[in-house]
Amino acid sequence: MEKADGRRARGEATRRLVATRAAMDATLWGLERTTLGELAARTGVSKSGILTAFGSREGVLEATVAAAREIYLTEVLGPTAGSPAGAARLHAVVDAWLSYAKRHVFPGGCFLVTTGVEYAGQNGVVADRVRAFKREWLDFLAHHFARAGVRDPFAAALHFDSVLGGGISTWGLLGEERVLDVAAEAARALIP
């Protein structure tokens with residue numbers, strides 16, 4: 001029994017390592033460009049070991065979206081959990097987002113921004129996972145804009161998301177940290 005449990009734990013550790021590395025790399029050059037060979041070289045896990053852990057390249061990509069989601073929830077939403085719903089929570093999101101961006105949690109900026117552009121108009125399981133992740137984020141924002149008394153919470157969520165997404169992509173292109181501060185200030189201005 002211990003032998004099976006040890007294999008399971010090693011398999012989970014391999015899955016986390018590979019999916020997290022793929023999520024980081026996806027922010028630099030896109031998720032679809034991910035190859036098993038590159039992941040093997042960057043993680044030290046053999047290609048056959050990756051296939052054993054995930055079953056297929058698509059399995060790797062699906063797990064990558066899940067890993068990126070967990071990182072984002074931990075880094076951007078986790079720190080806001082103690083804030084009251086509504087405007088206070090949205091202000092806390094801006095603070096957490098700014099910290100997340102400035103610490104380069106994802107080396108290329110933001111997984112959601114990168115994959116959102118990459119999978120726009122695409123079909124398939126991975127595209128559906130990216131869409132579900134984006135919808136979850138927008139629904140979270142809309143919920144808190146509604147609690148803050150905004151008349152059209154979805155529109156407010158979309159504006160808020162656009163400001164932050166535009167800020168992090170512009171910062172990635174220009175490399176000027178001030179862009180992040182300006183984006184955070186603009187997002188705060190949208191909170192009632």
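**Ground rules.** This is a predicted model, so I keep in mind that local features need pLDDT of at least 70, side-chain atom pairs count only at pLDDT 80 or more, and totals for chains, interfaces and linings use all residues. Residues are numbered from 1 along each chain as its sequence is written, and side-chain values use heavy atoms, with hydrogens and water left out.

Buried here is under 20% relative accessible area, exposed is over 50%, and partly exposed is in between, with a 1.4 Å probe and protein chains only. The core has 45 residues, and Y72, W97, Y100, F106, F111, W137 and F160 touch the most other members. Two or more residues each come from α1 (2–29), α4 (57–77), α5 (87–102), α6 (111–118), α7 (125–147), α8 (153–174) and α9 (178–189). Helices are DSSP runs of H or I, at least four residues, numbered from the N terminus. The largest share, nine residues, is from α7. I also noted a second, separate core of 12 residues, with I50, F54, V60 and A63 among them.

**Y72.** What does Y72 contact, leaving aside its neighbours within four places in sequence? I found L77, W97, Y100, C110, L112, F133 and W137, taking contact as heavy atoms within 4.5 Å.

**α5.** I checked the length: at 1.5 Å a residue its 16 residues should span 22 Å, and the end C-alpha atoms are 23 Å apart, which agrees. The expected span is 1.5 Å times one less than the number of residues. Buried residues of α5 are R89, L90, A92, V93, V94, A96, W97, L98, Y100 and A101. Their cover includes α4, α6, α7, α8 and α9. Just after α5, H104 takes a positive phi of about 55 degrees.

**R8.** Buried or exposed, I asked of R8? R8 sits in helix α1 and, at 57% relative accessibility, counts as exposed. From R8 to W29 I get 21 residues in sequence and 31 Å in space, C-alpha to C-alpha.

**Cavities.** I work on a 1 Å grid over the protein atoms alone: a cavity is a set of points where a 1.4 Å probe fits but cannot get out, a pocket is an open set with protein on both sides within 12 Å along at least five of seven lines, and lining residues have an atom within 4 Å of a point. There are two cavities of 30 Å³ or more. The largest has a volume of about 60 Å³, and its lining includes Y72, W97, W137 and D161. α8 gives the most to that lining, with four residues.

**Pocket.** The largest pocket holds about 150 Å³ of space. Its lining includes T115, Y119, R131, K134 and R135, and α7 gives the most, with six residues.

Technical notes:
Core = buried A, V, L, I, M, F, W, Y, C linked by side-chain atoms within 4.5 Å. Points joined across faces, edges and corners; volume = space filled by probe spheres on them.
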